[in-house]
Amino acid sequence: MSHPEKLWSAQVDYWGKAVQNAIEAQEALMAGGEVVEDDTPSDPRFKNPLWQTHPYFNFVKQQYQLGAKTIEDAVANLDDLDPRDRQRVEFFARQVIELMAPTNYLATNPDALERAVETEGESLVKG
């Protein structure tokens, strides 16, 4: 907290991008589902085509990746950490980022939803 301007700057940047992403997703839904091409980094968890073509899943993916990058940048910009503490903070930040991945949750995972429909819910019962 010795540099609150860094925190404010990061928050304003994040919220600006998050709101812009929400606006684009809403416009895509109103236009009949056409997704604007995104330039998010490649991630094997998002290989299902719906992550690129469906406005809802594309929005969720982009919001997640934006949040992950914001956390990573915040950790990278921490001042005055000794190497061991930096390693710990990076480790725990990575755990939070991975925990929040939309692929971990039924409502935000098109693969799991498709499988549930194909198996008439059996995949949900079996886990």
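Asp43 is buried, with a relative accessibility of 18%, where buried denotes under 20% relative accessible area, exposed over 50% and partly exposed the range in between (1.4 Å probe, protein chains only). The structure is a predicted model, in which local features need pLDDT of at least 70 and side-chain atom pairs count only at pLDDT 80 or more, whereas totals for chains, interfaces and linings use all residues. Residues are numbered from 1 along each chain as its sequence is written, and side-chain values use heavy atoms, hydrogens and water being left out.

The side chain of Asp43 meets that of Arg45 in a salt bridge, with an N to O distance of 2.6 Å, a salt bridge being a side-chain nitrogen of Lys or Arg within 4 Å of a carboxyl oxygen of Asp or Glu. Arg45 is partly exposed, at 26% relative accessible area. A search of the whole structure returns 10 salt bridges.

Two further pairs are found within helices, which are DSSP runs of H or I spanning at least four residues and numbered from the N terminus. In helix 4 (residues 83-99), Asp85 and Arg88 lie three residues apart, about one turn of the helix, and form a salt bridge whose closest N and O atoms are 3.8 Å apart; Arg88 is partly exposed at 42%, as is Asp85 at 29%. In helix 6 (residues 122-126), Glu122 and Lys126 are four residues apart, again about one turn, and their salt bridge has its closest N and O atoms 3.8 Å apart. Lys126 is exposed, with 67% relative accessibility, while Glu122 is partly exposed at 41%. Salt bridges with shared partners join Asp43, Arg45, Glu72, Arg94 and Glu98 into one network.

Conventions: Helix = DSSP H or I, 4+ residues; strand = E, 2+ residues; numbered from the N terminus.
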